[in-house]
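I opened my notebook to go through this structure piece by piece.

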Amino acid sequence: MLMQRFRKLLIICFVLGIVVNGTVKTNAQIQNIPTAEIAINGKAVDGINPIKIDGTYYLPFVKLAKVLGYNSIKFEKKTKTYEITDGSTKIRTTMGGRRAKKGNEYVNIKPPRWIQDTAYISLHAGGALFNANITFKKENGSIQVKKPAQYYIVHTGDTLWNISRIHHTTVNKLKSVNNLKSNLIVDGQKLKLPSREQAKEMEPKKEREPVKNPNQISVSDQRQKLLNHAKDYIGAGYKFGATLAEAPKLFDCSSYTKLVFQQIGIDIPRVSRDQASKGRVVTSLKAGDLMFFTTEDLYSDGRVGHVGIYMGNGDMIHASSSRGVTITKNVLDNSYWKKNYLFSKRIIE
């Protein structure tokens with residue numbers, strides 16, 4: 001009871017320390033904030049314990065990541081670096097670091113902090129990494145998350161060029177939607193993001209990293225073997241950022257494709273964006289090719305957000321967020337998938 005009363009108060013404390021791996025600076029002023037409701041697009045989903053450091057709100061990084069579906073979390077203790085994914089994009093951030101890596105792009109952020117063996121991330125950094133707008137609502141003390149992001153808050157070191165790269169759009173489109181007459185931007189400036197229809201991650205289409213194929217059987221036999229394994233998991237459930245240890249009960253789209261290819265001895269990366277960098281782009285599809293899509297209802301940055309395996313006859317087998325592992329008939333005749341289709345890559349040849 002006593003602890004609950006203390007938790008309801010704003011407690012000012014001073015931490016004596018040095019800046020090492022994100023540890024709070026000497027005499028940094030920390031406020032413990034009462035447990036807050038966290039809501040995504042207006043719907044309460046969980047509770048979270050924010051703090052304020054020198055007037056800036058921070059959230060527990062791991063808790064925020066899990067709430068947003070980034071359930072695959074690795075921690076490198078020596079460097080205090082986290083690597084997380086929701087199955088679409090890999091994010092790496094180090095405590096005290098001013099730049100984080102999102103996919104193959106670098107994002108300027110307010111440095112995450114390491115306090116009492118817990119990682120904390122600012123609302124700005126969380127929004128930039130998770131493609132969301134995260135705010136503290138003073139009226140009821142809640143954390144409000146708007147996904148996907150509708151705007152981006154400029155941070156020190158940002159340029160229109162690097163912001164356009166992160167969101168897979170162009171400088172001209174950013175300037176147009178914000179009525180900017182020059183390339184000058186300042187820390188804290190709020191920039192509208194171009195419509196999601198204008199943002200598509202096409203960079204991996206140009207990439208062609210080789211994939212080792214140890215198989216001695218014919219290509220046609222490999223393709224058939226792949227599809228046979230793929231169909232073994234029909235009906236399995238879906239979980240954002242599902243770990244490989246949770247297979248075969250739970251998958252996300254890319255852990256599913258990784259496991260199925262693994263079954264025939266071919267090792268592809270863990271997340272869909274990295275899988276998209278492999279193989280050769282094709283327009284005339286064959287069974288076993290990987291199909292890549294963006295996911296507008298989740299990401300406004302146009303990233304590669306979904307992957308499935310082409311089966312032939314227009315059909316795709318994939319781990320769907322709504323149906324688990326399933327077959328979508330005539331996938332490119334489906335209005336949703338056709339609208340979000342990016343390109344396909346051939347791994348087996």
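Before quoting any helix or strand content, I noted that helices are DSSP runs of H or I with at least four residues and strands are runs of E with at least two, numbered from the N terminus. I also reminded myself that this is a predicted model.

**Entry: annotated spans**

I checked the UniProt record, where an unreviewed entry places the feature "domain: LysM" at residues 150–193. Over residues 150–193 I found 32% helix and 14% strand, with the end C-alpha atoms 6 Å apart. UniProt also lists "domain: NlpC/P60" (unreviewed entry) at residues 220–348. For residues 220–348 I noted 26% helix and 27% strand, and end C-alpha atoms that lie 9 Å apart.

**Entry: the five-stranded sheet**

I followed an open sheet of five strands, ordered β7-β8-β9-β10-β11, with antiparallel pairing. Its edge strands are β7 (72–76) and β11 (105–108), each pairing on one side only. From one strand to the next the twist averages 20°.

I then went through the pairs. β7 and β8 (residues 81–85) are antiparallel and share five bridges, and F75 stands opposite Y82 in β8. The hairpin of β7 and β8 has four residues between the strands, and K80 takes a positive phi near 55° there. Further along, two bridges join β9 (residues 90–94) to β10 (residues 99–102), an antiparallel pair. In that pair I saw R92 opposite K101 in β10.

**Entry: the four-stranded sheet**

Next I looked up an open sheet of four strands in the order β4-β3-β15-β14, where the pairing is mixed. Why is one side of β4 and of β14 left without a neighbour in the sheet? β4 (43–48) and β14 (133–137) are at the edges and have a single partner strand each, so one side of each has no neighbour in the sheet. The twist here averages 25° from one strand to the next.

I also checked β14 against β15 (residues 142–146): five bridges join them and they run antiparallel. I134 stands opposite V145 in β15.

I marked a cis peptide bond between K147 and P148, with omega about -10°. P148 sits in the loop between β15 and β16 (151–153). Another cis peptide bond runs from A247 to P248, with omega near 5°, and P248 lies in the loop between β18 (237–238) and β19 (250–251). I placed N313 in the loop between β22 (306–312) and β23 (315–320).

How many cavities of 30 Å³ or more does a search of the whole structure find? I got one. About 90 Å³ of space lies in the largest cavity. I listed its lining as T89, K102, G103, N104, E105, V107, I166, H168, E201, R273, D301 and R303. Sorted by class, that lining has two nonpolar, four polar and six charged residues.

Which domains give the lining at least three residues each? I noted domain 1 (32–149) and domain 2 (219–346).

Note on methods: Residues numbered from 1 in each chain as written. Predicted model: local features only at pLDDT ≥ 70, side-chain atom pairs only at ≥ 80, totals over all residues. Heavy atoms only, no water. Pairing = 2+ DSSP bridges. Axes fitted to C-alpha atoms, helices over the stretch in contact; angles between N-to-C directions. UniProt positions renumbered as here; feature names shortened; annotations may be inferred. 1 Å grid on protein atoms, 1.4 Å probe; cavity = no way out; pocket = protein on both sides within 12 Å on 5 of 7 lines; lining within 4 Å. Points joined across faces, edges and corners; volume = space filled by probe spheres on them. Nonpolar A, V, L, I, M, F, W, Y, C, P; charged D, E, K, R; others polar. Domains from an automatic or database assignment.
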